[in-house]
Amino acid sequence: MLYIFDLGNVVIDIDFNRVMGVWSKLSGVPLASLQDRFVMGATFEQHERGEISDEAFAAQFCHELGISLSFEQFSAGWQAIFVALRPEVIDIMRQLRQDGHRVVVLSNTNRLHCQSWPQQFPQVGEAADRLYLSQDIGLRKPEPAIYHHVLTQENATAAQSVFFDDNEHNIIAARALGIQAVQVTDRDVIPNFFRRQTPGEPGAMPATGNGA
């Protein structure tokens, strides 16, 4: 089986309010104002596909938010998004690989964030067979082509794949292709998914001390 894990709020907890909190302090713009203006629009998507540079993204996003920040100040806030690793998911990923399954990460991300999280959380790269990152592929979820890309690279069919993501749109797109997709709405979803597997079925996990 191929197990595909999203990154943010699936393997690593993230919080955009932390980003805006830093920007608010550095710019003097109230946090509530930034929260109202923050939109994951065209500029955001272009950055995640690697179509624009980090510097261009920072300049355009600051313009859209109505704040004045240096690139260094923008980056400091942008990289504050990462909160903590979900060790129970890392344990599951490792166990799946030990059981002979293929485990990959599929993330909408960007180079600025990739200067941060691999160093903060090296366990992610160690627990996965491969990382599929939007800015490297030039595609982003929920575009069907990014799922086809992963399946082709992994020589797997949709029926042989399980996908975990916190975003409903990404889940719907994966299911439309025939991939078993599980929306991660809280930290218990993934451990509970594997607890429910019948012993001997693909992905069934042995009992462990942490419930993974």
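1. In which hand does helix 1 cross helix 5? In this predicted model, the crossing of helix 1 past helix 5 is right-handed. Helix 1 spans residues 16–27 and helix 5 spans residues 71–78. Their axes lie 7 Å apart, and the packing angle is about 150 degrees. Helix 1 is therefore roughly antiparallel to helix 5, since angles over 145 degrees count as such.

2. The largest pocket has a volume of about 510 Å³. Its lining comprises 27 residues, and those that lie nearest the centre are Ile14, Phe16, Met40, Glu48 and Asn108. Helix 3 provides the largest share, with three residues.

3. Domain 1 (2–13 + 84–195) and domain 2 (15–82) both contribute lining residues, so the pocket lies between them.

4. Most residues other than glycine have a negative phi, and most peptide bonds are trans. Asn9, which is not a glycine, has a positive phi of about 60 degrees; this residue is located in the loop between strand 1 (2–5) and strand 2 (12–14). The peptide bond joining Lys141 and Pro142 is cis, with omega about 10 degrees. Pro142 belongs to the loop that runs between helix 10 (134–137) and helix 11 (144–154).

Key. Residues numbered from 1 in each chain as written. Predicted model: local features only at pLDDT ≥ 70, side-chain atom pairs only at ≥ 80, totals over all residues. Heavy atoms only, no water. 1 Å grid on protein atoms, 1.4 Å probe; cavity = no way out; pocket = protein on both sides within 12 Å on 5 of 7 lines; lining within 4 Å. Points joined across faces, edges and corners; volume = space filled by probe spheres on them. Helix = DSSP H or I, 4+ residues; strand = E, 2+ residues; numbered from the N terminus. Domains from an automatic or database assignment. Axes fitted to C-alpha atoms, helices over the stretch in contact; angles between N-to-C directions. Parallel < 35°, antiparallel > 145°, perpendicular 65-115°, else oblique. Left-handed = near helix turned anticlockwise from the far one by under 90°.
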